[in-house]
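Okay, thanks for coming, everyone.

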There are 2 protein chains.
Amino acid sequence: MREFVLYSRSGRTDGRFDSLHGAGRLDVVYQCALMALHRSHALRQDVVFRALLNGPPDPPKELIIEGAKLRDAPMDERGWEGLLRGVLSGRPHPGIELRRGSLQALTRERDDVFVLEKGGEDIRTVELGQDPMFVIGDQVGLPKKEEEFILRRGRKVSLGGKEYLAAQCVCIINYVLDLREAQC
Amino acid sequence: MREFVLYSRSGRTDGRFDSLHGAGRLDVVYQCALMALHRSHALRQDVVFRALLNGPPDPPKELIIEGAKLRDAPMDERGWEGLLRGVLSGRPHPGIELRRGSLQALTRERDDVFVLEKGGEDIRTVELGQDPMFVIGDQVGLPKKEEEFILRRGRKVSLGGKEYLAAQCVCIINYVLDLREAQC
C-alpha cells in the first residue's frame with residue numbers, strides 16, 4: 001500500500017462553497033487526488049489518499065479516499081467539486097470517508113512515515129518499507145510543530161533540488177515507487 | 001528549453017463552452033499546462049507548452065504557452081477555464097498565443113522529438129539533447145499516422161512499465177530533466 005497525506009491548512013470543512021479554489025484551496029486536494037489515485041484508464045488499487053482539512057467551519061476533518069473502493073471518480077476539477085461538496089455535506093460516496101482526524105493521530109504509531117524536504121535522503125535510494133506514508137504540505141507547507149512531531153519517528157526524503165507543487169510531489173513519488181516495483 | 005506538445009483530438013477551437021471537460025476534454029489541456037509550467041511558487045522559465053486542438057468548430061489550432069512570458073497564470077481549473085475561453089475567443093493574454101498549426105508542421109524539421117511509448121528507451125538514460133520536444137497523446141492517444149510521421153526522425157522514450165495520464169507524463173518528464181540538470 002501507498003498512503004499520501006495532504007495537510008491542508010485552510011481546506012473548508014463543510015460543503016458550502018462556490019468553487020474549490022475559494023474553499024480554502026480545495027483545488028489542491030483535487031489535484032493531489034487526481035495524481036495519487038488515477039492512472040491512464042485505471043484507478044490505483046494500492047493507494048489511499050488522505051486530506052487533513054483545517055479550514056472553517058468545523059476543523060479538523062480527515063477526508064479518506066481509497067483507490068480500491070472508489071467508484072464514479074471524475075477526472076476534472078468540476079466533477080470533483082460536486083463530489084467533494086456532497087461528501088463534505090454528509091452525502092456518502094463509495095470509497096470516500098469523512099471523519100474527525102489529525103496528523104498526529106494518523107502518524108503517531110507508525111515508523112514508515114516520510115516528510116518531503118530538500119535536505120532529506122534521495123527518495124530513489126532511501127529504504128521505504130512495504131507500506132510507506134508520505135506527508136505533504138499544501139501551498140503554504142507543513143506547520144513546524146506537525147513536522148517536528150512526525151520526525152520523532154519519521155524521516156525526511158528529497159525529490160531533488162527543485163521544489164514542486166503538492167500534486168507534482170504525489171505524481172513523482174508514484175513514479176519512483178512504480179519503478180522500484182518494476183525492478184523487484 | 002523544454003517543449004511539451006499535447007495532441008488533443010477533440011479540444012474545442014473556440015470559446016463557446018460551459019466547462020473545460022465538456023469542451024472536448026480541454027480539462028486535460030489545463031492539467032498538462034499546470035504540470036508543465038508551474039513549480040512551487042514559480043513558473044518554469046524554460047518551458048514552452050503547446051496544445052494542438054483538433055475539435056470543432058475550426059481545427060486545427062495551436063495554443064502556445066511560454067513560461068517565460070506568461071503572466072497572471074491561475075492554478076485551478078476554473079481560473080484556466082476563464083483564461084482559455086478568452087484566448088479561444090480571440091482575447092490576448094501575455095505569454096499565450098493561438099494560431100493555425102499542426103503536429104507535422106511542428107515536428108517536421110526537428111531531430112530532437114520524442115514520443116512516449118512503453119517499449120521505448122528509458123527516459124532516464126536516453127540522450128535527449130539540449131532542447132527536447134516531447135509529444136504526448138490525450139486521453140485517447142496519438143493517432144497512428146501522426147506518430148509514424150514523427151518517428152521518421154524522432155524517437156520513442158519510455159517512462160517504465162506503467163501508463164500514465166498525459167499530465168502525469170509531463171510531470172515525470174520535468175522531474176527527470178530536473179535531476180539531469182542537477183547532475184550536470
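So, let's begin with how the two chains relate. By contact I mean two residues whose C-beta atoms, placed from the backbone, lie within 7 Å.

A quick word on ground rules. This is a predicted model, where local features need pLDDT of at least 70 and side-chain atom pairs count only at pLDDT 80 or more, while totals for chains, interfaces and linings use all residues. Residues are numbered from 1 along each chain as its sequence is written, and chains are lettered from A and ligands numbered from 1 in the order in which they are written.

Now the interface itself. 26 residues of chain B are in contact with 26 residues of chain A. On the chain B side, α1, β2 (38-39), α2 (77-88) and α5 (166-183) each supply at least two residues. Which of them gives the most? That's α5(B), with seven residues. If you sort chain B's side by residue type, you get ten nonpolar, eight polar and eight charged. Here nonpolar means Ala, Val, Leu, Ile, Met, Phe, Trp, Tyr, Cys and Pro, charged means Asp, Glu, Lys and Arg, and the others, Gly among them, go down as polar.

Let's zoom out to one chain. Chain A has five helices and nine strands. Those are DSSP runs numbered from the N terminus, with helices being H or I of at least four residues and strands being E of at least two. From the N terminus on, the order is β-α-β-β-β-β-α-β-α-β-β-α-β-α. The radius of gyration of chain A is 16 Å, close to the 16 Å that the globule rule gives for 184 residues, so chain A is as compact as a globular protein of that length. For that, the radius is taken over C-alpha atoms, and the rule is 2.2 Å times the number of residues to the power 0.38. Along the principal axes, the C-alpha atoms of chain A fill a box of roughly 45 × 40 × 30 Å.

How much of chain A is buried? 45% of its 184 residues. A residue is buried if 20 or more other C-beta atoms, placed from the backbone, lie within 10 Å of its own, exposed if there are 12 or fewer, and partly exposed in between. Also, among contacts in chain A between residues at least 6 apart in sequence, 71% join residues at least 24 apart.

Next, have a look at α1 in chain B. This helix covers residues 26-37, and its twelve residues reach 16 Å from first C-alpha to last, close to the 16 Å expected at 1.5 Å a residue. That expected span is 1.5 Å times one less than the number of residues. Twelve of the twelve residues are buried, so α1(B) is largely enclosed by the rest of the structure. They include B:C32, B:M35 and B:A36.

Those three come back when we look at B:V170. Leaving aside neighbours within four places in sequence, B:V170 is in contact with B:F4, B:C32, B:M35, B:A36 and B:I136. In the largest nonpolar core, of 110 residues, A:V5, A:C32, A:V170, B:V5, B:C32 and B:V170 touch the most other members. A core here is a set of buried Ala, Val, Leu, Ile, Met, Phe, Trp, Tyr and Cys residues joined through C-beta atoms within 7 Å.

Last stop, some backbone details. A cis peptide bond joins A:P56 and A:P57, with omega about 5 degrees, and another cis bond joins A:P59 and A:P60, with omega about -10 degrees. A:P57 lies in the loop between β4 (47-53) and β5 (61-66) of chain A, and A:P60 is found in the loop between β4 and β5 as well.

Then there's A:D72, where phi is near 50 degrees, a positive value in a residue other than glycine. A:D72 sits in the loop between β5 and α2 of chain A. Is A:D72 buried or exposed? Exposed, because it has 9 C-beta neighbours inside 10 Å.
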